[in-house]
Amino acid sequence: MTGPLPVSAFMTLALHDPQWGFYSAREPIGTRGAFITAPEISQIFGELLGLWCVQVWRDQGRPAKPRLVELGPGRGTLMSDALRALRGAPDFLETLEVVLVESSPALEEAQRANLFGAAVPVYWVRQWSEMTRDRPLFLLANEFLDVLPVRQFVMTERGWCERVVVESIDALGFALSPVPVPLVTPARRGTPAPGAIYEISAAAEALVEDTSKAVAAQGGGALFIDYGHAGEGFGDTLQAVTEHRPVDILANPGGADISAHVDFAAVAESACRGGSRVWGPVAQGQFLHALGIDVRASRLAAADPAHAPDIEAAVTRLTAPEEMGRLFRVLALTPAGASMPPGF
């Protein structure tokens, strides 16, 4: 590393460096990885999201040639579960194509194995910017926005100064840029006290705005599901995780997943600028209950009584307020004239 790096640049290198980045050459998800996501907890999660897309498609008059896109598809578990549920909607599958946006070669390999023999064409691209915008878009993004780089600014007596990562003789550390930045923070944040930290994810806001433009122009719908906040107050939400436990962010670059809580107010404003209608955010627990997670769990338990306790535990983990049910939020986008999507 040469010279101070903004936190956003440090995140990008630590996660995506072609040789040493966390996502470049390892499988980060699962019991052997850094964390477990909702699709790995229960098959019901992906099934419900797939059926959500079908209902939104039908509510919009069954537009031809829908494209189902997933951002950051992990090991392909969510998409595999969604496509299994979609067997009950052959009208949707008839002209459907699936696109997975994945930057990690290791994860793409796992996805190809999980989706081998899929009933619809499946394609891979490295970046969202590679997507064409010529078909109705149905987009799923579960725990994707949180790993997009954030810039951090600290309120000092000089004003807002950007937080940077610096290299000393034997370790990395945080420092502040000596020149203040003329930031104007949203009124909802309130008045910053000395030492307050303000986070901005320009990448997340730009991606959501671009998605919104595609949905507004071509039809379809998008779901963004992530842990986050309502955009009020200030605070440092940057965190690093490895082997399912928190670790020092700077201790082992490339050896841990680094993320930050999503500012849902900011991404909702970005979506509005893109021209689509914004729904939510609502709590993940509320959303999944509204989609029928309890009914689906009961049917699975009845079909496999030996695993009923595991199925119940998974539903609790996904929906209980003290688990993932309240911290995780769901934001949806539809064309301006579309009816309210399921779950909202």
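Predicted model: local features only at pLDDT ≥ 70, side-chain atom pairs only at ≥ 80, totals over all residues.
Let's start with helix 6, which spans residues 105–114. Which of its residues are buried? They are Leu-107, Glu-108, Ala-110 and Gln-111. These sit on the same side of helix 6, because they cover an arc of only 160 degrees around the axis. As for what covers the buried residues, strand 3 (97–101) and strand 4 (122–125) are included.

Now move to helix 3, residues 43–59, and its packing against helix 9, residues 284–291. Their axes lie 10 Å apart, at an angle of about 70 degrees, which makes helix 3 roughly perpendicular to helix 9. The crossing is left-handed. On the helix 3 side, Phe-45, Leu-48, Leu-49 and Trp-52 make the contact, meeting Gln-284, Phe-287, Leu-288 and Leu-291 of helix 9. By class, that contact has 7 nonpolar residues, 1 polar and no charged ones.

Helix 3 also crosses helix 4 (residues 77–85), with the axes coming within 7 Å at roughly 60 degrees. The two helices are therefore oblique to each other, and this crossing is right-handed. Helix 3 contributes Gln-43, Phe-45, Gly-46, Glu-47, Leu-49, Gly-50 and Leu-51, while helix 4 brings Leu-78, Asp-81, Ala-82, Arg-84 and Ala-85.

Methods:
Residues numbered from 1 in each chain as written. Heavy atoms only, no water. Buried < 20%, exposed > 50% of the residue type's maximum accessible area, 1.4 Å probe, protein only. Helix = DSSP H or I, 4+ residues; strand = E, 2+ residues; numbered from the N terminus. Arc of directions from axis to C-beta. Contact = heavy atoms within 4.5 Å. Axes fitted to C-alpha atoms, helices over the stretch in contact; angles between N-to-C directions. Parallel < 35°, antiparallel > 145°, perpendicular 65-115°, else oblique. Left-handed = near helix turned anticlockwise from the far one by under 90°. Nonpolar A, V, L, I, M, F, W, Y, C, P; charged D, E, K, R; others polar.
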